[in-house]
Amino acid sequence: MSLFIRNYKPGSVYNAQIIWRYHSNKVDMAKKEEEEEFRVLDILKTRTRLQKKVARRTDIQPDRSEKMKTDQNWGNVWPGPRSFHPSSVPLPMRQGYVPKGQAPPGKKANAELMKVPNFLHLTPPVIKMQCEAIKKFCTPWPELLNNEEAIEKNYPVEIITSDYCHASPTIRNPLSRIATLRIKLSDLKLDKHARDKFLRLVGDKYNESTDLVTITADRCPIRKQNLDYVNYLLTACYYESWNVEDWEKDKTLEDMEYYDFDQNPSKANLVSWFMRVSKKGDLSDEEIKVFDINNIPHGPEYKKAVSDLFNNSESDQTLQDYDAAVRKLLGLPEKKVAQ
Amino acid sequence: MNNIIKFAQSATILPQWSPIFASQFHTSSALCRVVSGKYRITKKRDKPLTYEMANPPHYIAHRKSWNSWNTSSLKDGLRKSETAVEDEFIRRFITGTWHGLVCSEVIIKRQFNHIRVAVIIRRAVSPTKMYFLLGYSEEMLSNWIQCPVTLELQTVDSYQDVVFKYI
């Protein structure tokens with residue numbers, strides 16, 4: 001029984017039983033051998049069967065990092081992304097916060113090192129090798145598109161979409177459906193009427209400071225559909241802006257939303273004044289309308305000053321410009337600032 | 001709360017009820033003590049703690065890092081709740097399947113649809129059994145979650161190897 005207690009380990013009841021039986025058998029055997037000289041035939045082979053099974057612990061191999069050569073190809077040791085494994089990395093690493101004067105925990109059995117994402121699979125030589133491998137699938141960049149201006153000139157329409165990379169069983173992200181089209185308004189072939197109409201159609205999608213029209217679509221579930229829709233919107237707006245409806249001819253001077261110098265009495269006054277001064281005789285209303293302001297010296301400046309005054313409201317600057325333009329037009333001396 | 005008691009005591013409308021009102025309320029200051037994720041010091045100072053346990057939760061991102069790495073926790077991340085539930089399921093499955101062998105927290109990293117589970121395991125069972133459990137866990141988890149699951153194990157001789165300090 002003492003043997004039983006000494007050998008007893010928690011969780012190995014079976015073993016304990018065996019030991020108990022083995023022990024009692026052994027005592028019996030010893031007694032018998034003393035009394036008789038013949039060996040007893042052991043039919044049931046109890047002795048061999050009761051051999052205690054020794055739990056063998058397999059030998060732990062030494063670390064792989066200890067057998068590594070200094071000139072090995074690291075890419076073969078660590079080919080892909082993987083959590084840190086101390087026996088594969090031949091670096092004396094430590095990580096962890098410890099009080100001052102102590103050494104941080106080493107690389108073995110260190111969960112912190114396993115947590116941080118590592119880039120052991122993306123060492124510079126490996127990146128170089130992989131770039132070389134995919135080089136044969138690449139084509140050279142077109143030589144004529146060597147600067148931003150050339151790209152903008154040849155490809156005026158800019159399409160902006162986003163791809164998303166995330167950890168999830170599905171690769172789809174609903175945000176990737178959004179498509180944005182950007183184009184410079186000056187790249188579109190529009191006349192004055194068409195431009196005005198186009199701006200009215202696109203509304204706040206036009207940015208005046210950058211001259212960019214931005215059309216965004218996210219109403220369809222797939223990016224392809226949104227791209228088609230964006231292109232359709234641009235095309236439709238463009239052709240619609242070139243259409244002139246019958247009722248647009250009914251627009252009178254009172255309906256104008258901005259001051260148009262060429263349609264206002266200012267032009268008629270200017271032209272008739274100029275004709276009288278230069279003694280060329282009077283013009284009819286039609287002739288006045290088609291008369292080119294550029295023929296009058298300082299005419300364009302006057303036109304600009306008057307238009308600014310009406311369109312951009314009265315301010316010191318516009319009034320000053322108007323003053324200077326009128327003085328130039330009439331050949332008066334420049335305004336002397338009172339000292 | 002004190003105001004209510006005062007009101008109840010000074011109320012002239014129901015003077016006969018006021019002592020009852022006052023006795024119904026037990027007031028004491030709120031005990032704002034954070035105890036989750038912290039371990040109490042034992043008398044003999046012999047309670048083993050791993051590095052993870054030795055640093056309370058407010059040291060995450062300062063002294064220790066997260067146990068789950070995924071994009072769901074980022075702003076506008078997708079599948080927030082699903083990811084959390086799956087991670088908890090994986091944790092329970094691993095600690096149950098590798099019963100008594102897991103020596104550290106179960107670290108779950110997700111990249112695209114690939115789930116990598118990193119654990120420190122005690123070398124208490126034979127390598128054959130370990131290989132079986134490895135394949136079994138990977139197969140079962142990938143069947144349930146419908147993603148490739150990889151177990152990245154590190155083995156230690158005994159629990160003593162991961163002990164950081166005793167309190």
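Guide: A salt bridge is a side-chain nitrogen of Lys or Arg within 4 Å of a carboxyl oxygen of Asp or Glu. By this rule there are 22 salt bridges over all chains. This is a predicted model, in which local features need pLDDT of at least 70 and side-chain atom pairs count only at pLDDT 80 or more, while totals for chains, interfaces and linings use all residues. Residues are numbered from 1 along each chain as its sequence is written, chains are lettered from A and ligands numbered from 1 in the order in which they are written, and side-chain values use heavy atoms, with hydrogens and water left out.

Visitor: What makes Glu52(B) and Lys115(A) a salt bridge?

Guide: Their closest N and O atoms are 2.4 Å apart, and the rule asks for within 4 Å. The count between chain A and chain B is one salt bridge. Side chains of opposite charge can pair when their charged atoms come close.

Visitor: Which salt bridge does Glu112(A) form?

Guide: Glu112(A) pairs with Lys115(A), with 3.0 Å between the closest N and O atoms. Both residues lie in helix H5 (residues 111–115) of chain A, three residues apart, about one turn of the helix. Helices here are DSSP runs of H or I with at least four residues, numbered from the N terminus.

Visitor: How many residues of chain A are in contact with chain B?

Guide: 31 residues of chain A are in contact with 35 residues of chain B, where contact means heavy atoms within 4.5 Å. The two chains bury about 2700 Å² between them, 61% of it on carbon and sulfur atoms. Buried area is the accessible area (1.4 Å probe) that two parts lose on being put together, summed over both. On the chain A side, Met114(A), Lys115(A) and Ala167(A) lose the most area to chain B, together 25% of what that side buries.

Visitor: Why is H4(B) called roughly antiparallel to H5(B)?

Guide: The axes of H4(B) (residues 80–97) and H5(B) (residues 127–145) come within 11 Å and cross at roughly 155 degrees. Axes are lines fitted to C-alpha atoms, for helices over the stretch in contact, and angles run from 0 to 180 degrees between N-to-C directions. Angles under 35 degrees count as roughly parallel, over 145 as roughly antiparallel, 65 to 115 as roughly perpendicular and the rest as oblique. H4(B) is therefore roughly antiparallel to H5(B). Residues of H4(B) that meet H5(B) include Phe89(B) and Phe93(B).

Visitor: What makes H8(A) oblique to H9(A)?

Guide: The axes of H8(A) (residues 192–202) and H9(A) (residues 223–242) come within 8 Å and cross at roughly 135 degrees. That angle makes the pair oblique. Among the residues of H8(A) that meet H9(A) are His193(A) and Phe198(A).

Visitor: Why is H12(A) called roughly antiparallel to H13(A)?

Guide: The axes of H12(A) (residues 299–311) and H13(A) (residues 316–330) come within 9 Å and cross at roughly 155 degrees. H12(A) is therefore roughly antiparallel to H13(A). The residues of this contact divide into nine nonpolar, two polar and four charged. Ala, Val, Leu, Ile, Met, Phe, Trp, Tyr, Cys and Pro count as nonpolar, Asp, Glu, Lys and Arg as charged, and the others, Gly among them, as polar.

Key:
Helix = DSSP H or I, 4+ residues; strand = E, 2+ residues; numbered from the N terminus.
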